[in-house]
Amino acid sequence: MITVDTANVEQTAARAALAVPGVQELQPSLRHSLADAATYIRRTFGSLTPPPEAGIHASHTPETDAWHLEVRCVLNDHRRALDTARDVRESVRAAVISQLNARGSTGSVTIVVTVTRICGGRAPLHLCADL
């Protein structure tokens, strides 16, 4: 049986998700946020920004060689959120399947994309028009 490191899969997924137009950043999960808060006190140097893969959670079921990935995205408002989320899902799926196939893994890959926030500076909608 071929062993694939979960951290490598998360890094591959993070790179693929961040390459999609409309993705501003990946939102760390609660477990990463709590871990960062706990270690913040001990940190004196280094970046306080979590790594991109903190916004990805991958789990592997060895019996079926199935992978399940959760991608938490912060989007900008330049594209429809639905279109961006679909593109993230397909981009991450393609990148992860390519990585797994290169290592001899043939299991299924399920991707769940959660949009946690949409950021942007669109002008407010004017409900009244001067005629």
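These legends accompany close-up views of a predicted model.

**View 1. Overall make-up of the protein chain.** The predicted chain has 131 residues, and 30% of them count as buried. Its secondary structure comes to three helices and four strands. Read from the N terminus, the order of elements is α-β-α-β-β-α-β. Among contacts with a separation of 6 or more, 75% link residues 24 or more positions apart. The accessible surface comes to about 8400 Å². Carbon and sulfur atoms make up 56% of that surface.

View 2. Strand β3 covers residues 66-76. Eight of its eleven residues are buried, so the rest of the structure largely encloses this strand. A residue counts as buried when its relative accessible area is under 20%. Strand β3 pairs with β1, with β2 and with β4. The next views take these pairings in turn.

**View 3. Pairing of β1 with β3.** Strand β1 spans residues 23-26. Three bridges join β1 to β3. The two strands run antiparallel. V23 has L75 of β3 as its bridge partner.

View 4. Strand β2 takes in residues 56-61. Six bridges connect β2 with β3, and the pair is antiparallel. Within this pair, S59 stands opposite H68 of β3. Four residues lie between the strands of the hairpin. D65 adopts a positive phi near 60° in this hairpin.

**View 5. Pairing of β3 with β4.** Strand β4 comprises residues 109-119. Ten bridges join β3 to β4. Here the strands run parallel. H68 is partnered by T110 of β4. R72 is partnered by T114 of β4.

**View 6. H68 between two strands.** H68 lies in β3 and stands opposite S59. H68 also has a bridge partner in β4, namely T110. The β2 pairing with β3 is antiparallel, whereas the β4 pairing with β3 is parallel.

View 7. Helix α3 is formed by residues 81-102. Together, β3, α3 and β4 make a β-α-β unit. The unit is right-handed. Its two strands, β3 and β4, are joined by ten bridges. The R72 and T114 pair is one of the bridge pairs between them.

Terms used: Residues are numbered from 1 along each chain as its sequence is written. This is a predicted model: local features need pLDDT of at least 70, side-chain atom pairs count only at pLDDT 80 or more; totals for chains, interfaces and linings use all residues. Side-chain values use heavy atoms; hydrogens and water are left out. Buried means under 20% relative accessible area, exposed over 50%, partly exposed in between (1.4 Å probe, protein chains only). Two strands pair if DSSP finds at least two bridges between them. A crossover is right-handed if, with the strands pointing away from the viewer, the path from the first strand over the helix to the second runs clockwise. Contact means heavy atoms within 4.5 Å. Accessible areas come from the Shrake-Rupley method with a 1.4 Å probe; for residues, only the protein chains shown count as cover.
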